[in-house]
Amino acid sequence: MAHNNRIRQIGTTTVGPGAPTYVIGEIGINHNGELDNALALIDAAADAGCDAVKFQKRTPEICTPRDQWDIERDTPWGRMTYIDYRHRVEFGEAEYTAIAEHCAERGIAWFASPWDTEAVVFLEKFDVPVHKVASASLTDDELLRALRATGKPVILSTGMSTPRQIRHAVEVLGSQNTILLHATSTYPAATNELNLRVINTLQEEYPNIPIGYSGHEIGLQTTLAAVAIGACVVERHITLDRAMWGSDQAASVEPQGLTRLVRDIRTIDEAKGDGVKKVYESELGPMKKLRRVPGSLAEETLQITA
């Protein structure tokens, strides 16, 4: 199958079948509203060899249901209302300017999941190379239309969504600039609910769209399996310490694990090859030594493609 129409550009990086897996370290709100945490997570992702880090951008008054604003909750900064908490963990222009500068210094891309159209306008000021739609926003047509209008590629996570809802979202976004990620939106997700074969289902269903994987499981091996069966984009939540305060920390990967994950993804990328069966030059010695009966074509004159 020709994969040419499955290739996308994120900034200067080619994404899709045959290209190296595009690895995203999802910082989300694991920085807990502290810029130093965000910068340390960017460093961890850059050191591990990730291609990009991702944040979340919300306009709290739009994204927080009105009846939840005044509900009090315990936080690391004491007891506060939910709307105050949402503001406390939200970065503004100054923080994102520092983030953009630090990512440029470290040679790593950054972008975010906007949760409302005001957040799209905010992110466009920074000319991010791509936008991300969180699974929770897949049914938000207004947001999808605003993202399509930017002309940037859009990565769409498909957790908690039916095939029909995914199809509708792709119609709203258009398939030309879209990348789909299979996901199970439980934090952490149980192994028997990861259903990695959906990656192949989506590949068949959307022959013109690159398919990737957004993992919320504990452990690394299932994410590596996703790469082995064809995910060309991988996203995992990252954290400085899984014991930190916050709802996403437990399903996140710490710096040491992230380094191993990216290393192993690169090994799988290399091992996958091009799918063309050939006899390697390194096999000639063993062939001569071990094969008792030469093949029907005289193996000595075999054309070798190293």
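**Notes on the core, a strand and one arginine**

1. Val53, Phe55, Ile99, Trp110 and Leu258 touch the most other members of the largest nonpolar core, which has 43 residues; such a core is a set of buried Ala, Val, Leu, Ile, Met, Phe, Trp, Tyr and Cys residues joined through side-chain atoms within 4.5 Å, where buried means under 20% relative accessible area (1.4 Å probe, protein chains only). The most residues in this core, six, come from helix H1 (residues 35-48), helices being DSSP runs of H or I with at least four residues and strands runs of E with at least two, numbered from the N terminus. Apart from it lies another core of 25 residues, including Val120 and Ile211.

2. The model is predicted, with local features needing pLDDT of at least 70 and side-chain atom pairs pLDDT 80 or more, whereas totals for chains, interfaces and linings use all residues. Residues are numbered from 1 along each chain as its sequence is written, and side-chain values use heavy atoms, without hydrogens and water.

3. Strand S4 (residues 52-57) is largely enclosed by the rest of the structure, because six of its six residues are buried. Ala52, Lys54 and Gln56 point one way from S4, while Val53, Phe55 and Lys57 point the other way.

4. Arg8, in strand S1 (residues 8-10), is buried yet has no salt bridge, and Glu205, the nearest side chain of opposite charge, is 15 Å away; a salt bridge needs a side-chain nitrogen of Lys or Arg within 4 Å of a carboxyl oxygen of Asp or Glu, and Lys and Arg count as positive, Asp and Glu as negative, with His and the chain ends not counted. The Arg8 side chain does reach the backbone oxygen of Asn208 at 2.7 Å and that of Gln176 at 3.1 Å.

Methods:
Buried means under 20% relative accessible area, exposed over 50%, partly exposed in between (1.4 Å probe, protein chains only). A polar contact is a pair of N or O atoms within 3.5 Å; within protein, one must be able to donate a hydrogen and the other to accept it, and residues adjacent in sequence count only if both atoms are side-chain atoms.
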